[in-house]
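Please report on the pockets, the cavity and the confidence of this model.

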Amino acid sequence: MQVTLSELFLSFFKLGLTAYGGPAMVAYIRELAVQKKGWLDQRTFNEGVALSQIVPGPIAMHVAGFVGVKLRGIFGGITAYIAFAMPALILMLFLSALYQKTSNLPHAISLFNGLKVIVVAIVANAFLSFTKSIIKSKVEFLIALGSFLLLLIGISPFLVLIFCFLFSQALFKDKPMFLETSATHSISLTGILFLFFSLFLVLILLNFFNTELYQLSLIMVKINLFAFGGAYTALPLMLHEIVENMKLLDSKTFMDGIALGQITPGPILITATFVGYIVNGLSGAILATIYGFTPSFLVYMLSTKIADRIRNNPIFLRGKRGILASFCALLLFASFKLAFSIDWNIIKILFFITSFIFLYKGVNIFYVVVIGGALSIFLFK
């Protein structure tokens, strides 16, 4: 019996309502698609998970799209992807509108003073956990160190990533990745190309009719396509482009957006919705979300067509190792940049240490943000 698009949408929408924990949501997608519904076998599902780790963008959302593709082709992939992200999008739109109206009120100021400190703890903990899983050799350590030094002297993060990709070809010797495959439905290349040209056409029209929205969309495309290793790696790139390069937001407002992104379900990349809303209202939020997520989704969909070539391509595998090592430096650099935007005192330092310890010990980010936010109203009057 074929799964209907409405059933696919409702299943992933419900799952998206509780999509906290980033890549940890992959286990819940597996429970839904493999164990409860029996839509896919374990071998096919594992293939989708493996592919999601070698392309840019949010891992859990890619896996949701993969399940949809295997069930109903390109329309199934789009349906599952949108449904999984929609709860976070709706909630972030609401929070962004609320933020714009209330951020200057005394209680809101106290709240976000504390949340900014928590954001620094979140990014610092992300750096630590990301580094422990990535830096496994002296070469990777040297790439990360060199990247950090380049960032300190003002080199663009995107140039640093490109340099690391190129140097990695001489520094690493990677063997092919062998993924299990099975005979399942394949995605239409025509469908991928249609989506690509649709997005490209909208960009062209924006360039003629609204240059501000065009620039915002283009920035999100660049950030999304370079965000290897999961959505957290997009944060330092977004910080560089949105705050430092284009100066669309100041660092404090950007940190507020990160904090709100932690309250919502779904990937931290949903901060793109907040950025778009603050910069250009509802249209900015929608376009920033579309172009902050869709490019890597198309890359992922394409990877299901050329999986053999990707997983056996030594150039890609070596380059990915270098890029991920440099992302460790990017997260550390972002931690420092965000920390320098805070007016520290002893209470904030203790608040940071406490938040960091809870995160390091594995307490869910959602609880740290919500409870920490509530305490902030009283601590930072």
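How many residues does helix H14 have, and what does it reach from its first C-alpha to its last? Helix H14 (residues 314-340) has 27 residues and reaches 40 Å from first C-alpha to last. That is close to the 39 Å expected at 1.5 Å a residue, the expected span being 1.5 Å times one less than the number of residues. Helices here are DSSP runs (H or I, at least four residues), numbered from the N terminus. H14 is mostly covered: 19 of its 27 residues are buried (under 20% relative accessible area, 1.4 Å probe, protein chains only).

This is a predicted model, in which local features need pLDDT of at least 70, side-chain atom pairs count only at pLDDT 80 or more, and totals for chains, interfaces and linings use all residues. Residues are numbered from 1 along each chain as its sequence is written, and side-chain values use heavy atoms, without hydrogens and water.

The structure holds 1 cavity of 30 Å³ or more. On a 1 Å grid over the protein atoms alone, a cavity is a set of points where a 1.4 Å probe fits but cannot get out; a pocket is an open set with protein on both sides within 12 Å along at least five of seven lines; lining residues have an atom within 4 Å of a point. Points are joined across faces, edges and corners, and a volume is the space filled by probe spheres set on them.

| Space | Volume | Lining make-up |
|---|---|---|
| Largest cavity | about 50 Å³ | 6 nonpolar, 1 polar, 2 charged residues |
| Second largest pocket | about 440 Å³ | 15 nonpolar, 3 polar, no charged residues |

Nonpolar covers Ala, Val, Leu, Ile, Met, Phe, Trp, Tyr, Cys and Pro; charged covers Asp, Glu, Lys and Arg; the others, Gly among them, are polar.

The cavity lining includes Pro157, His240, Glu244, Phe333 and Lys337. Helix H10 (234-245) and H14 each supply at least two of its residues.

The second largest pocket is lined by 18 residues, with Tyr81, Ile82, Thr289, Ile290 and Thr294 nearest its centre. Helices H4 (59-102), H8 (189-209) and H12 (271-305) each give two or more. H4 gives the largest share, 8 residues.

Confidence comes last. Mean pLDDT (the predictor's confidence in each residue, from 0 to 100) is 85, and 91% of residues reach 70 or more. Over residues 179-184 the pLDDT is below 50. Where pLDDT is low, the predicted coordinates should not be read in detail.

Notes. Buried means under 20% relative accessible area, exposed over 50%, partly exposed in between (1.4 Å probe, protein chains only). Contact means heavy atoms within 4.5 Å.
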